[in-house]
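Colleague: I am new to this structure and would like to learn how to read its features. Could you walk me through a few of them?

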Amino acid sequence: MKKGNKWKATALLLAAALILPAVSPVSAGAKKKLALNRKKVTLTVGKSYVLKVKGTKKKVRWSTSKKKVAVVSKKGKVTAKKQGIAKIKAKIKGRSQTLVCKVTVKKKTGEKHSENRPVTDMPQKPDKDMPSQVPDDTPAGDGREPVSTPDGTETMTPDQSADPSQKPVGETPVPSDQPGSDMTEKPPGPSETAAPDPIADADPVPDEFFQILQPEYETGTPECPELSADSGVYGKAFMLGMKSQPGTKIYYTTDGSIPTAENGILYTDAFVVADRNGMPNVLTAAANIKKMYISGSGYDYVPQADEVAKCTVIRAAAVSPDKQASDVVTRSFFIGNDVKKKYAGATVASLVIDPNDLLNAETGIHVLGNIYNEWSKTSEAQQIIWEGQYWDYEGNYTQSGRDWERLAFMDYLDADREAIEFSIPVGIRVRGGASRMYGQKGFNLYLREEYGQKNLKYPLIPGDLDTEGQQIKKYKSFMLRNGGNDTEYSKIRDVFTQSMVGDRNYSVQAARPCVLFINGEYWGLYNLTEKYSDNSIENKYGVDKDNVIVFKEDEMDEGQDGDEILYQELWSYAEKDFTDDAVYEAFCKIMDIDSFADYYATEIYIANKDWNPEKNYMLWRARTLDQTNPYADGKWRYMLYDTEYAMGMYNNWDTLANYDSFSGAISQDALFAAVIKNKEFQQKFLNAIKEIGSKNFAPEACEKKLKELESTYKPLMDDFYTRFFGKDTWNRSQFDKAVNAIKEFVGKRYPYIISYVEKGLR
């Protein structure tokens, strides 16, 4: 492919504009920059190279990611052992930065090739130090090459030259239903869908992108392909170019699947990336909705094409002549979404995942699947199905644990600034209790070193503060919470409640609104929420995560074998006589009594129906004492979460302002029933619940907070209602009703509950 120099000056500016800053400006007093003498080294088997760290004289600790490929000595001498790729890491004493050199080991002359490396689904952004380019070795002729289709036949790829009259990506989504798999439904072809008008004013690919700078492919794993544009928000359609090492071919997909020579589209020339809104649904096509949701449950709505906002997702990989594949590059492009206006006050996340990991009957995490098929044959299931108790169904989506975690890639942007904040590989799992049956399911997201990033260093949730009032900027995991019981109504109940009690003596979860796209299709409004874990406790309280014990719903969530004894010791007090002050004093040595009083007072005040020692109940402690940290004192402390089934939810009688939840707590919680018999604790509890009612949930303060949440969430909910229930749905009227129910509750609650408590303590 030949390109003139007419764009050269403009191209340099465009290329610079497409690359996001990698680091923040360095202050004058910053430490001297550290660097390796080489970032990449190519060695043949048996050869060595000495790496050195520039900018320091401190001790360096060297390590290798693959000892079978390359080893490194204490002095930085790297020796090639076997064909492949290894990462040599340098850690400098007293500095958090880790330096990395990529070592490519080639075979000796005459040595046989190793077995082909299978395609990896490890998404990885390309090295931004390399200028974006496209290979100048595209096929001659009309620019088309035969590509194998899923049914085994061959088809011709469209002429994807830089001619602006070509059709844009998104007109005909790439089919990914391979024989024997359970992938996405093949979308309508060109004859079934009106093609968009040709785009004559798409921005061209930068001129320097067409220069060949990468080394010629020889053997081993190819370098990742480079794309001419990064993930982000674009004002109009643009030309997207790709390049890889000469001798390799690039394959790409647009449905989130992993690109391979069998599954992907062969890249031949730059193509148009355009506005996909209004184009046919792929992930949310009727056949996939049937796999994901219970028929007749009310959560199986099949949205129309114009009811699902869309972005364009591109995944690309380079494949060598000997069929070895590079890591996968993933990009998300928002065009025509009016992100700044439409999602004002929220962040936007584009989650890209192989559709098989969502939809496959055996392994997909978002479908009824084979687990439902087997469960539905049981007599218990037949009764549940007959009664329509959808929340008790079993399916793939109800499974939990590491076995049901799948690798995905997330681009995260600030809607107000229309700027990408970070791009990360994450593990995802479906989360929640009964809310797993909903059309919009919640997700837990995990950072893991094996995925390519150990943690996220970013102020993810404003207002998520540690005990010293400092913004937390490090996360190992977090949640995209659908709203639980409040999913299809307002999504603000839990956010509102926790935001009003942040000063009490227990943990609360900070949250912010986040609009999610999955594989380029709108998946609704979520609450991006802190996830409780040993890591979150370490970040918030400074207690070493390995010294943290967490029990959730009467089971150990974090800890070690033997920690159950400490929890059993706590609950042994449920059988003791707290009229004896000595018992109460002993209890206070293992329980933060202010946390106990505040936590129970809060749950009782809001009339949380969905709470008891085996439901939405969580507490933690340090295993061993640390005299330097007041939170590592070996005392149990509570963690508030999942509070939305309260304050008039569903207008249930036992969530209303006049309900006696104090007596209810005594009847269902043996530990609270025992402790409340102590006179000293009675006064502490009474003071706590009065202050929570008169201060934290004072009607004026509540109304102010509700107005703030309403102004942000209500506009964002419109698209959610349409996506999951259609344009004409009663759900759209529920937001105002939810807000009014909360206002009514907080306006009436105080005299009722204080009367019940005082009467019960006499």
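Colleague: Which residue of strand 27 is the bridge partner of phenylalanine 443?

Modeller: That partner is leucine 480. This is a predicted model, so please read each feature here as part of a prediction. Strand 24 and strand 27 are antiparallel, and four bridges pair them.

Colleague: What does strand 24 pair with besides that, and in which sense?

Modeller: Strand 23, residues 419-431, runs antiparallel to strand 24, and five bridges join the two.

Colleague: How do I read the side chains along a strand?

Modeller: Here is the general idea: in a regular strand, side chains alternate between the two faces of the sheet. In strand 24, Gly442, Asn444 and Tyr446 point one way, while Phe443 and Leu445 point the other way.

Colleague: Are the residues of strand 24 buried or exposed?

Modeller: Five of the five residues, 442-446, are buried, so strand 24 is largely enclosed by the rest of the structure.

Colleague: Which strands close into the barrel, and in what order?

Modeller: Follow seven strands in the order 21-22-23-24-27-29-28; they close into a barrel with mixed pairing. From one strand to the next, the twist averages 40 degrees.

Colleague: Which helix lies across strand 28 and strand 29?

Modeller: Helix 15, residues 699-725, does, and it runs at about 135 degrees to strand 29. Arginine 723 lies over the face of tryptophan 523, at 4.7 Å from the ring centre. Arginine 723 also lies over the face of phenylalanine 724, at 4.0 Å from that ring centre.

Colleague: And how should I read a pair of aromatic rings?

Modeller: Such a pair is described by the distance of the centres and the angle of the planes. The count for this model comes to 53 aromatic pairs. Among them, phenylalanine 517 and tyrosine 522 are edge-to-face, with 6.0 Å centre to centre and 80 degrees between the planes. Tyrosine 599 and tyrosine 600 are also edge-to-face, at 5.6 Å and 90 degrees.

Colleague: Are phenylalanine 517 and tyrosine 522 buried or exposed?

Modeller: Both phenylalanine 517 and tyrosine 522 are buried. Tyrosine 599 and tyrosine 600 are buried too.

How values were computed
Residues numbered from 1 in each chain as written. Predicted model: local features only at pLDDT ≥ 70, side-chain atom pairs only at ≥ 80, totals over all residues. Heavy atoms only, no water. Pairing = 2+ DSSP bridges. Axes fitted to C-alpha atoms, helices over the stretch in contact; angles between N-to-C directions. Contact = heavy atoms within 4.5 Å. Phe/Tyr/Trp six-rings, centres within 6.5 Å; stacked < 30°, edge-to-face > 60°. Buried < 20%, exposed > 50% of the residue type's maximum accessible area, 1.4 Å probe, protein only. Lys NZ or Arg CZ within 6 Å of the ring centre and 35° of its normal.
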